[in-house]
Amino acid sequence: MFPPLKRNSGSENPGPHKIQSESKLVKWLLIGLALGYIAIFLIMPLACVFMTAFSKGLGTYVKAISEPDALAAIRLTLITAVIAVPLNMIFGIAASWAIAKFNFKGKSILLTFIDLPLSVSPVISGLIFVLLFGSQGFFGPWLIGHGIRMMFTPAAIILTTIFVTFPMVARELIPVMKAQGNDEEEAAMTLGASGFQTFWRVTLPNIKWGLLYGIILCNARAMGEFGAVSVVSGHIRGLTNTLPLHIEILYNEYHFAAAFAAASLLAMLAIVTLVVKSFIDAGIKRNLQLTWTGPEEKV
Amino acid sequence: MSIEVKNVTKIFGNFKALDDISMKVETGELVALLGPSGSGKTTLLRIIAGLEVTDAGDILFEGKDAKEQKAKDRNVGFVFQHYALFRHMKVFDNVAFGLRVQPKNIRPSEKEIKNRVMELLKLVQLEWVAGRFPWQLSGGQRQRIALARALAVKPKVLLLDEPFGSLDARVRKELRQWLRRFHDDLHITSLFVTHDQEEALEVADRVVVMNKGKVEQVGTPEEVYHNPANVFVLNFLGNVNLFHARVEGGKVFMGNTSLEIPGLKAGNVKSANVYVRPHQFEITRQPKQASSMKAAVRFINPAGPIVKIDLVTEAGHSIQAEISQEEFSKIKIRKNEQVYVSLKDITFSEYEI
């Protein structure tokens, strides 16, 4: 038997005796459909990844993820995330602060630009960088003239990743900040707080769950990005291969066990992301409760 | 500290929120800004607090121009309509906030802050909620914490935006009497915004009636209620009956009855609009004077300290009257009975010559 369904609408439950007009059959049919779907399209592939990864034993698995090329790929992936995520966090906070709390000309254009990386195919994002920094590109000849090579280097991978993941934090924060309005910041100001104090003591604590959520999503995308990175990487083993690119190479060379072993690392990242996300969801729910204004009962 | 508003204008887009407003709040006064929504009262309050800037005009604190002062430097206590308590902080930390953000050289020690916060919580009679979060409090409690928080930095001026707007009727009544007593104890210059005339008349020393970005009248509650400057103030401050009266040969007619209207100048006028508050009617079983209007009782609401009576005159004019319970039990009228109505007094009149 399945545990009773919890309604999405949250903790302000409508009461234990909510009348449900759907019949039991329809209810179980819908639940079964959803669970079946999840089993086929999510759980089975995930199980497959791990089964194939361990198909040639634990030894092969450990060897596959500890060989130098794999380690280099892991390192580059981590470095990319460590640079891209904080930068996009700062940008995300600044952009959402500007959009949510101020009115200015060109606000909707800024919003559109923030969404741009989400609306173009990652391959095109990669090609944009080739157009900019490639030897035939806008800045390419000038950069090469000054002895700086951008294409097929970790720098290109990091820049591309920053571009692709650039909306993740801002998109999470804008609705949170809009919903909270300016009242608390104004209250802080009338109490004598400076702009920095207001941000640090009032704004940041209020957006922390939204911010964490954005960072988690941003990190997952930064580590998992394939298309855009593939275009600018050049696939140089041990040098410009990130984990997803490494997996592809192994797969194309029929090293299935090794490919899936590396893939299992990314799958684990996904699982960790999901777990952290569910914790954050609980936090957001608590945060929502803080804004709760119920009927006034007593003085 | 006195507050002076001088010829202030504020425009949002193409909406004139404030149109050349001038007013003054004397030191230690409790003044109400009263007006319908959209009259600009909250905008004026925010401009005084430094949360908005003026498009023209000056704000003077104690005679000194405050234009260059930012909100954080004005030393103004502001209580927001929806309290704006810091939701992630406990009540204690909310109240302590203003002290903790002070520059190091003047910031009190944590121990002094603790004493001050507890003192303030005691003042608003809520010491026992210090360890709670704002969402664990009722609306009335939140309102008082917001007040304690604003008072923590010893402001020279207290500004309150619809302080009782989102509370239920009973709590609202209790809190406004409490605010009045509170002000009498502290004597801090205070300005509060309200759209509730009853609230303004009950609490304030003086009332500033606003409409469409302009000041319609400034005066004590008694003045604005009994001697309204114009029809808007008259209508906004309470129910009123309007009569169109003709003047012929020095006599005033309403319909076909000639009427004695106290205070109405009969000479040199063709007609007049006469405004009468419900309590200014007298209802009798027999015509009190030759000129009493004959009317039928349509509805009686005897619940409450006064009895509300709806009547219709012979000419088809409806009247809302209010008489005391005492008077009501004396005349013993019932629904659909014929009575006579005369005017004891009028509140306001307009003439056409």
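The questions below concern a helix pair in chain A and a sheet in chain B of a predicted model.

Author: In this predicted model local features need pLDDT of at least 70, side-chain atom pairs count only at pLDDT 80 or more, and totals for chains, interfaces and linings use all residues. Residues are numbered from 1 along each chain as its sequence is written, with chains lettered from A and ligands numbered from 1 in the order in which they are written.

Reader: What describes the packing of α3(A) and α10(A)?

Author: The axes of α3 (residues 68-101) and α10 (residues 195-224) of chain A come within 9 Å and cross at roughly 145 degrees. Axes are lines fitted to C-alpha atoms, for helices over the stretch in contact, and angles run from 0 to 180 degrees between N-to-C directions. Helices are DSSP runs of H or I with at least four residues, strands runs of E with at least two, numbered from the N terminus.

Reader: Which residues of α3(A) meet α10(A)?

Author: Contact requires C-beta atoms, placed from the backbone, within 7 Å. Among those in α3(A) are Thr77(A), Ala81(A) and Gly92(A); they belong to the set that meets α10(A).

Reader: Why is β15(B) called an edge strand?

Author: Two strands pair if DSSP finds at least two bridges between them. β15 (281-284) of chain B pairs on one side only, therefore it is an edge strand. The open sheet has the order β15-β19-β16-β17-β18 (chain B) with antiparallel pairing.

Reader: How do you know that β15(B) and β19(B) pair?

Author: They share 4 bridges, and the definition asks for at least two, so they count as paired, in the antiparallel sense. Ile283(B) stands opposite Val341(B) in β19(B).

Note on methods
Contact = placed C-beta atoms within 7 Å.
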